Amino acid sequence: MKIKKKNKIKLYYEMLRIREIEKTIAEKYNEWEMRCPVHLSIGQEAVAVGVCQNLKKNDEIVTAHRCHAHYLAKGGSLKSMISELYGKETGCAKGLGGSMHLIDLRAGVSAAVPIVGSTIPIGTGIAWANKIKKSGKIVAIFFGDGATEEGVFFESLDFAALHRLPVLFVCENNEYSVYSHISKRQSKKRNITSISESLGVKSLKLNGNSIEEVFLKSKDIINKMRKDSKPYLIELKTFRAVEHCGPNNDDNLNYRTKNYLNYWEQKCPISNYEKFLKRNKLLSNYQLLKIKENIKKQISSAFDFAKKSKFPKKKLLKKYIYA
Ligand SMILES: Cc1ncc(C[n+]2csc(CCOP(=O)(O)OP(=O)(O)O)c2C)c(N)n1
Ligand SMILES: [Mg+2]
């Protein structure tokens, strides 16, 4: 399957937009006006964009603590996201949630929940409801390699296979859970896609830093899901470029070797795709300039909007507490 030129530019644009937004969050974080923790997706943009470009507006996604890229790739409102990070009443969760609780029901961003693993059964439940209601929607659940160590991962896959739920499990394997490498947490013989297959969910390992591979393979799978209403799992190897939580680089802590960092820095999904597009004369310097200007404008108007917005009223504090 070939990707049209216009779609290639779109893939590049979406990744770059997410990267620039997160870079601006990182820059402004030290002004101490955003007071919620932030888990940036810098380095992992191809996963979010490659998958979400194949979803329809009313398809749903469920994500976790590292959710900015997923929310933006699915079409979540930028202004509402930045306002949420500033804790303002115009935020997508009314300023009560912060970075790890992004939601935009109009865009199909159904939930972001930072309890590791918790979104796997939540997304599975949404897919079950969709199936009962015959809504025809697909649900994609984004989670990390660490989340596959939670019991609910196994239970949800089992349930999804048994009930033939149209749910795509998207495991972003950046090899780390905070500072712990996967080899310190999982047996060498453990294999996420084999586990998935053994539970009856077809699965595929993908290069999470190749936007075209993620886009094309997930297109294939999502098209199949629309016809056969079955769950699938994709595991995408990728790299978290900054610290686990926060705007900075923590490479001075040496939990990832220099070789490891050098290896992955060469594999940046955005700069490699930009080179590819330029080499193949699909993107001119002028076009790139225009794209960057456009993104810059969106970002500055979102930050202005957030900064000018008001904090929520105190009476809202207890309004959404149910237990
Ligand atoms: C149940 C639970 N345990 C521990 C934590 C603390 N915690 C937050 S993120 C995280 C790492 C999760 O790793 P992974 O699922 O691979 O996602 P990544 O951060 O790499 O994107 C941990 C342990 C939590 N939020 N929830
Ligand atoms: Mg991880």
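User: What counts as near a molecule or strand here?
Analyst: A residue is near a molecule or strand if its C-beta atom, placed from the backbone, lies within 6 Å of it. This is a predicted model, in which local features need pLDDT of at least 70, side-chain atom pairs count only at pLDDT 80 or more, and totals for chains, interfaces and linings use all residues. Residues are numbered from 1 along each chain as its sequence is written, while chains are lettered from A and ligands numbered from 1 in the order in which they are written.

User: Which residues come nearest to ligand 1?
Analyst: Val-116, Gly-144, Gly-146, Ala-147 and Ser-177 come nearest, out of 14 residues around ligand 1.

User: Turning to strand E3, why is it largely enclosed?
Analyst: Strand E3 (residues 139-144) is largely enclosed by the rest of the structure because 6 of its 6 residues are buried. Buried means that 20 or more other C-beta atoms lie within 10 Å of the residue's own, with C-beta atoms placed from the backbone. Strands (E, at least two residues) and helices (H or I, at least four) are DSSP runs, numbered from the N terminus.

User: And which way do its side chains point?
Analyst: Val-139, Ile-141 and Phe-143 point one way from E3, and Ala-140, Phe-142 and Gly-144 the other way.

User: How many bridges link E3 and strand E4?
Analyst: E3 and E4 (residues 167-173) pair in the parallel sense over 6 bridges; pairing requires at least two DSSP bridges between two strands. Ile-141 stands opposite Phe-169 in E4.

User: What about helix H4: which of its residues are buried?
Analyst: They are Ser-80, Met-81, Ile-82, Ser-83, Glu-84 and Leu-85. After H4 comes Gly-87, with a positive phi near 70 degrees.

Terms used: Buried ≥ 20, exposed ≤ 12 C-beta atoms within 10 Å, placed from the backbone.
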